[in-house]
Amino acid sequence: MSLNLDAFWMPFTANRDFKQAPRLLSKAKDMHYWTPDGRQVLDGTSGLWCVNAGHARPKIVEAIAKQVGELDFAPPFQMGHPLAFELADRLVKYAPEGLNRVFFTNSGSESVDTALKIALAYHRLRGEGQRTRLIGRERGYHGVNMAGTALGGMGPNRKMFGSSLSGVDHLRHTHDLGKNAFTKGQPEHGAELADDLERLVTLHDASSIAAVIIEPMAGSTGVLLPPKGYLQRLRSICDKHGILLIFDEVITGFGRLGSPFAAQHYGVTPDIMTAAKGITNGCIPMGAVFVKQSVHDTFMQGPDTAIELPHGYTYSSHPVACAAALATLDTYDEEGLLTRGAEMHAKMEAAVHSLKGLPNVVDIRNTGMVGAIEFAPRPGALPGRRAFEVFMGCWEAGVLLRAAGGDNIAISPPLIINDSQIDQIVSTLEKVMKTVD
Ligand code: PXG
């Protein structure tokens, strides 16, 4: 195959390095990818945390094909189509109790910016328009739109774009290797880090703060689990000061932790929750924002003929995405996938923690169907080099993993993975990690 690689400016990719030795995928089915030259690769990353039911699942493929021939597009503004209502009605049955209104987007980044706009507008409608400050957290990732970039807590993602939003501040992150290294599941230490919100309240005054956005489990920056009690404490501080709590569940939504959403897993309900990725099993772009009814109802005032929320996308509730999402939910239900992470937790935990003691490993973390291995950074090298070399070695040995923020390897396979495929991931990692100095 002769491909000209010049024109495509690749996202979040070292373009010049990649184009010297491209890593291409041309086919996928269930737990596997294939390269154009026919090499089989086990998918240890659910694509990019999105193909939760595995690849090319028949129900989803059929639903998409049928829908595109029946109703390929319907304008979402001042018009509707039945599948959008059916999907929203169905989705709220999986969501944490009370989050029973759904706004559709096309990606996690759009869900984040939508959630933040809803938070600002909500306060304004309640006569508290001075609440404009938004709080994120260090080591958070909230996509790449302007607000999500500003609220995110990854230096390299923020530094090139100036102050893309004013009135933003960040909580401290919760990663504490000194106290919590090699914890299985939720760390014991760090609930008190939620009190950092009180520091920001003292600094800025609660009356200026609209919302706090966090990932209940930070994915992109290396699978950072919330310390025991942390989310509960953050929830109660938000309540005390009238601050909305937004959970960004773009990665944790749809079964990654062993419950439909992390909110249920940890028993803490946010006011607004973002989702994307697993909503359509990664087949067709789609995102959603789940909103508490009381927040939604605040918008339902004034003349009936007025547009309550001047926000939306041409492809909000796209009919083909709705069909894909409904078939995805069917697949999740039929195979019990949204709770399979809980059933596989012990197997995954034992597998990833078996890598303790290998060269340069400073931490191993896990929960549900996700794990991470953290390496000490190589002195004098670019950050993340060890993880990247492990990723490359595994790719060459037939397992696709992901080098995440910092020096981490994240393991987040489709929820259909079996025991021997988990063993394959771990034995490949073990072999490769022994060769990376
Ligand atoms: N929020 C969270 C928590 C995410 O993880 C987004 C928002 C943005 O979603 P979109 O659909 O706009 O990309 C994400 C995306 C990684 C990785 O390697 C993670 C994401 C994207 C790309 C890579 O961990 N998450």
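**Helix packing, sheet and ligand shell**

In the contact between two helices, Val390, Gly393 and Cys394 of H15 meet Thr428, Leu429, Val432 and Met433 of H16, where contact requires C-beta atoms, placed from the backbone, within 7 Å. By class, this contact of H15 with H16 holds five nonpolar, two polar and no charged residues; Ala, Val, Leu, Ile, Met, Phe, Trp, Tyr, Cys and Pro count as nonpolar, Asp, Glu, Lys and Arg as charged, and the others, Gly among them, as polar. The model is a predicted one, in which local features need pLDDT of at least 70 and side-chain atom pairs count only at pLDDT 80 or more, whereas totals for chains, interfaces and linings use all residues. Residues are numbered from 1 along each chain as its sequence is written, and helices (H or I, at least four residues) and strands (E, at least two) are DSSP runs numbered from the N terminus.

The axes of H15 (residues 385–396) and H16 (residues 419–433) come within 9 Å and cross at roughly 125°, axes being lines fitted to C-alpha atoms, for helices over the stretch in contact, with angles from 0 to 180 degrees between N-to-C directions. H15 and H16 are therefore oblique to each other, given that angles under 35 degrees count as roughly parallel, over 145 as roughly antiparallel, 65 to 115 as roughly perpendicular and the rest as oblique.

Four strands make up an open sheet in the order S11-S12-S15-S14, with antiparallel pairing, two strands being paired if DSSP finds at least two bridges between them. Its edge strands, S11 (361–367) and S14, each pair on one side only, and neighbouring strands are turned by 25° against each other on average, direction ignored. Helix H14 (residues 340–353) packs on the sheet and touches S11, S12 and S15 (408–411), its direction making about 175° with that of S11.

Around the ligand there are 18 residues, of which Gly108, Ser109, Gly143, Ser220 and Val250 come nearest, a residue being near if its C-beta atom, placed from the backbone, lies within 6 Å. The largest share of this shell, three residues, comes from H5, and by class the shell has eight nonpolar, seven polar and three charged residues.
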